[in-house]
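Here are a few exercises to work through with the model open in your viewer. Try each task before you read its solution.

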Amino acid sequence: MPAFIRFGLAAVSGWLVYLSYEPIGYWWAGIAGVALLWLMLVPWPRSVTTPLGMAGEAQERPSAAFGAFIGLTHGLFCYLFLLPWVGEFVGPMPYVALAVTMALYALATGAFGVIAARWRFGALAFPFIYVAVEFVRSSWPFGGFAWVRLAWGQINGPLAPLAAWGGPALVTLAAVFVAVGLGSLLCAASRRAAALAVVLPLAAGLLAGLGVGGDSSTVDRARVAAVQGNVPRMGLDFNEQRRAVLSNHVNETLKLAKETRDAGEPLDMVIWPENASDVNPFADTEAAALVGVAVRGVDAPVLIGTLTRDDAGARNTMVVFDPETGAGERHNKRFLQPFGEYMPMRDFFRNFSELVDLAGDFKPGDDNGVVHMGNIPVGVATCYEIAEDEAYRMAVRGGAQILSTPTNNATFGFTDMTYQQLAMSRMRALETDRAVVVAATSGVSAIVHPDGTVSQQTSIFEPAHLIEELPLRTATTPAVRFGGALEWLLVGAGALLMLAATVSARKNRRGYAPSRNPKRTYEEM
């Protein structure tokens, strides 16, 4: 197969993976994209002529360097389509830089994919290699960028329930196994093994969908509301914008309070978004008064996003305000977004762009993400934290019976960001067997049930509130208990398989450059 065709199809493969993410959500496209990537890495037969003039067949073997650039092309065409929302506020340069950086990790996926493809166990090794590279991308440096994991694009597919057994890492592994199986059906000698690689993960996903925990672990139910106050679009200075956002959430909460009083159905808790009160109510008397009006009006504990400061520095904080006891427990955001909420190596990166000074200087918290609203333990993962495995896992281990994702996505306008984030909340619901309440400043807010389905959601940039009775659960899924250890095992297996495939290729002496093998021609003479 000519090189330009391989690169063209590698680009298509990356675009197909992009189509699997929300709001498009074609889960099958993610599998098709990885299958096409695998086909671009494997040797393909081609016609040759022997020195005796006889026609025959040889294998065109891509080099590891060639495979690396196939992987890079795949990654670029995925992430350049996936991440434009990053540049909505700061312009295209940071967005393109992030997309290129994420794609660079795929150099390893492609290079080791080529090496593995020549090994007899390569089709079994590649899914583990893919997971290992994804783990590094999601973890290093500066905590990585887990937003681009393959698993998020499988939320609408049959593999998503595997999240309860091993989290997103297991979903990614299963998706790549299916993809490699489908690709191998077109070129493998053993189509039976390829068929098993397709069928077994799908069957496992369907069996996992039968449920872990479920209604049997429901200990009670709570009537919960999410408030989306919306944000002003233009015409106010920064300080007035912050006060307008707070006023919007107060007003929408008072509408909620009237609705519940008229219906005679009191609430157990109310979730406001991240940054709903960027004017610190602990330092500003007017903000404190407005918060008090909202909390007393709705007569229920309200989880409110604000900015606080202590001896360590600035904090992105969610605080419980109770109508009787006032301010209570809080969650200081623990997993901060690099280059946004804080700037690693600020002086160094300032040499490249003054945009680095737009990044905040927040300090991470150290709590387990659990706050109590009334007597109900609630897990909190603020905005970007939803992409981090440990955020909700530690909250559930800490006793959380229901989860919340307060988020501020107003900066990203009408982009895909909010839908991509909602897909993560849905997978976390499956992973933890908990309902998740998503409260956004400007959309999309949503009610997510433990099976990952969305029963209600708002539109972008509209004031709204959602009310629903949700289960409180106590079961702990295998993913919550052992997901971290399982991921390390998968990553370790991937690293070992990279090494084994490389050793096998070196012994073969044909592992790193295109070559022809006229053996079949001579045997047929």
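A salt bridge here is a side-chain nitrogen of Lys or Arg within 4 Å of a carboxyl oxygen of Asp or Glu. Keep in mind that the model is predicted.

**Exercise 1. How many salt bridges does a search of the whole structure find, and which residue does Glu-22 pair with?**

Step 1. Run the search over the whole structure and you get 22 salt bridges.

Step 2. Now pick out Glu-22: its partner is Arg-426, with the closest N and O atoms 3.8 Å apart.

Step 3. Glu-22 sits in the loop between helix 1 and helix 2, while Arg-426 belongs to helix 13 (residues 417-432), so the bridge ties together parts that are 404 residues apart in sequence.

**Exercise 2. Find the peptide bonds from Glu-22 to Pro-23 and from Gly-443 to Val-444, then check the phi of Asn-230.**

Step 1. Recall the background: most residues other than glycine have a negative phi, and most peptide bonds are trans.

Step 2. Going from Glu-22 to Pro-23, omega is near 10°, a cis bond. Pro-23 is in the loop between helix 1 and helix 2 (27-41).

Step 3. The bond from Gly-443 to Val-444 is cis too, with omega near 0°. Look for Val-444 in the loop between strand 11 (436-440) and strand 12 (446-448).

Step 4. Asn-230 has a phi near 75°, which is positive although the residue isn't glycine. You'll find Asn-230 in the loop linking strand 3 (218-228) and helix 9 (238-263).

**Exercise 3. Describe how helix 7 and helix 14 cross, and say which residues make the contact.**

Step 1. Two packed helices are described by the angle between their axes and the distance between the axes.

Step 2. For helix 7 (residues 163-187) and helix 14 (residues 478-508), the axes come within 7 Å and cross at roughly 30°. Angles under 35 degrees count as roughly parallel, so helix 7 is roughly parallel to helix 14.

Step 3. List the contact residues. Helix 7 brings Ala-163, Ala-164, Trp-165, Gly-166, Gly-167, Ala-169 and Leu-173, and helix 14 brings Pro-478, Ala-479, Leu-486, Glu-487 and Leu-490.

Step 4. Sort them by type: 9 are nonpolar, 2 polar and 1 charged.

**Exercise 4. Which residues make the nonpolar surface patch, and which helices supply them?**

Step 1. Val-12, Trp-15, Phe-77 and Phe-81 make up the patch, which covers about 340 Å².

Step 2. Helix 1 (3-20) and helix 3 (64-82) each give at least two of its residues. Trp-15, for one, lies in helix 1.

How values were computed
Residues numbered from 1 in each chain as written. Predicted model: local features only at pLDDT ≥ 70, side-chain atom pairs only at ≥ 80, totals over all residues. Heavy atoms only, no water. Axes fitted to C-alpha atoms, helices over the stretch in contact; angles between N-to-C directions. Helix = DSSP H or I, 4+ residues; strand = E, 2+ residues; numbered from the N terminus. Parallel < 35°, antiparallel > 145°, perpendicular 65-115°, else oblique. Contact = heavy atoms within 4.5 Å. Nonpolar A, V, L, I, M, F, W, Y, C, P; charged D, E, K, R; others polar. Patch = residues over 30% accessible without salt bridge, like charges linked within 9 Å, V, L, I, M, F, W, Y side chains within 5 Å. Areas by Shrake-Rupley, 256 points an atom, 1.4 Å probe, with all protein chains shown as cover.
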